[in-house]
Amino acid sequence: MQFKDLKLNKPILKAISEKKYEIPTPIQEYTIPLILDKKDVIASAQTGTGKTAAFALPILQLLYDKQNEGKSGKKIRALIVSPTRELAIQINENFNRYSKYTNLKSAVIFGGASIDPQKEILKKGVDILIATPGRLLDLHKQDIIHLSFIETLVLDEADLMLDMGFIDDVRKIERLCPSQKQILLFSATMPHKVVNLANTLLTDPERVEISPTSSTTKSVNQILYYTPKPQKVELCLHLLRNTIKGNILIFRRTKHGVDKLEKSLLKNDYKVASIHGDKSQSERQEALNDFKKGKVNILIATDVASRGIDIKELDAVINFDIPNISETYVHRIGRTGRAGNKGTSYSLCSADEKSYVISIQKLINKFIPVEEEHPYPLDPLAKPEVHKKAGSKHKKGRKSEGSKKKKKRWY
Ligand code: AMP
């Protein structure tokens, strides 16, 4: 399937070819025709699958067609609600690129930044608005934003939006829009509360599911290191010196952990930046820009702060802490190996995290190869047992465990 088979207009196809997208990703292939057909869509797909273009391209096309029919005038006709400022900014950047050859205008508004410049932009008129919920409601209350012309409402990263406590805001925003509109809901995971929200807001939605386990884990080379907790920093430094090169994203579970590791790496002369929820918007944006522009090649982040952020050409992800929620592992490693590229994930597991590894392996239905050749090994007796009810791939793993010559072992 080619982009032209998706019946997109020339100005949009031109912008896509400039981005050097050759073929649509699966989420784009399934979702674009549904959106063009004006259907409500509930899609489970995470960042890295090309989901921004999956909604941005058909939205632009629908608006562009109307503009050509002379029904233009700068009124907000597409609204994208996003949980975090970073994500909102990123979505707007994408809209700007894809709309380059149309005269459609998009703008982004978010909290934690001065409101006046945002008001100025809105006063000039935009066709597409990307917003975080709080700032959107604030500007609506001040009568700066009018939602009565909305034709398409996108709820992006719905699971994160609900986790962050935005449920009431989201419902309020939906009610402020006209009742006749298209709603598109994207979520990395589909917990009950997201399904419930979709059931109450969407009309006869089409469902699209892009499996995170198959779509992201295949293109990522995964390696597991067992090591005692106190030696994780040493192991991380050893890997950075000898094994891991390029642009690296390191995940830590807590904000405190992020700060601590950043200090250790800075002390060892690495070029590092970090993002977490306690940092101000400008600090977070600066860290991201430094990383994107190559001023630093290591970014340390918590899961929430980094969620959805699109960082190109990420060579490696380090799970400094093993996540206790298995889906988080899939999200984290999905940050590398994106849109067809190859990437590697390095997971550092201490004795107390072994049960998390077992759950992750069950979820991805695969054993993560273990690298034993490193200077900070964990006592072998402390390693986790093989999961007894494993499927065929697990049995294969057990066989190779017996082979003493093998450098990499399967658990
Ligand atoms: P997203 O999931 O929207 O964050 O997109 C992840 C990355 O994939 C972004 O850097 C996009 O520019 C890129 N991308 C999106 N669609 C395609 C495509 N069809 N071919 C190649 N790259 C793409």
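Colleague: Which residue in β13 is the bridge partner of N221?

Modeller: The bridge partner of N221 in β13 is T344. This is a predicted model, in which local features need pLDDT of at least 70 and side-chain atom pairs count only at pLDDT 80 or more, while totals for chains, interfaces and linings use all residues. Residues are numbered from 1 along each chain as its sequence is written, and side-chain values use heavy atoms, with hydrogens and water left out.

Colleague: How do you know that β8 and β13 pair?

Modeller: Strands (E, at least two residues) and helices (H or I, at least four) are DSSP runs, numbered from the N terminus. Two strands pair if DSSP finds at least two bridges between them; β8 (residues 220–226) and β13 (residues 343–349) have 7, in the parallel sense.

Colleague: What makes β8 mostly covered?

Modeller: Buried means under 20% relative accessible area, exposed over 50%, partly exposed in between (1.4 Å probe, protein chains only). In β8, 6 of the 7 residues are buried.

Colleague: Why is α15 called roughly perpendicular to α16?

Modeller: Axes are lines fitted to C-alpha atoms, for helices over the stretch in contact, and angles run from 0 to 180 degrees between N-to-C directions. Angles under 35 degrees count as roughly parallel, over 145 as roughly antiparallel, 65 to 115 as roughly perpendicular and the rest as oblique. Helices α15 (residues 326–333) and α16 (residues 354–364) pack at about 70°, with axes 8 Å apart, which makes α15 roughly perpendicular to α16.

Colleague: Which residues of α15 and α16 meet?

Modeller: Contact means heavy atoms within 4.5 Å. S326, E327, Y329 and V330 in α15 meet S359, I360, L363 and I364 in α16.
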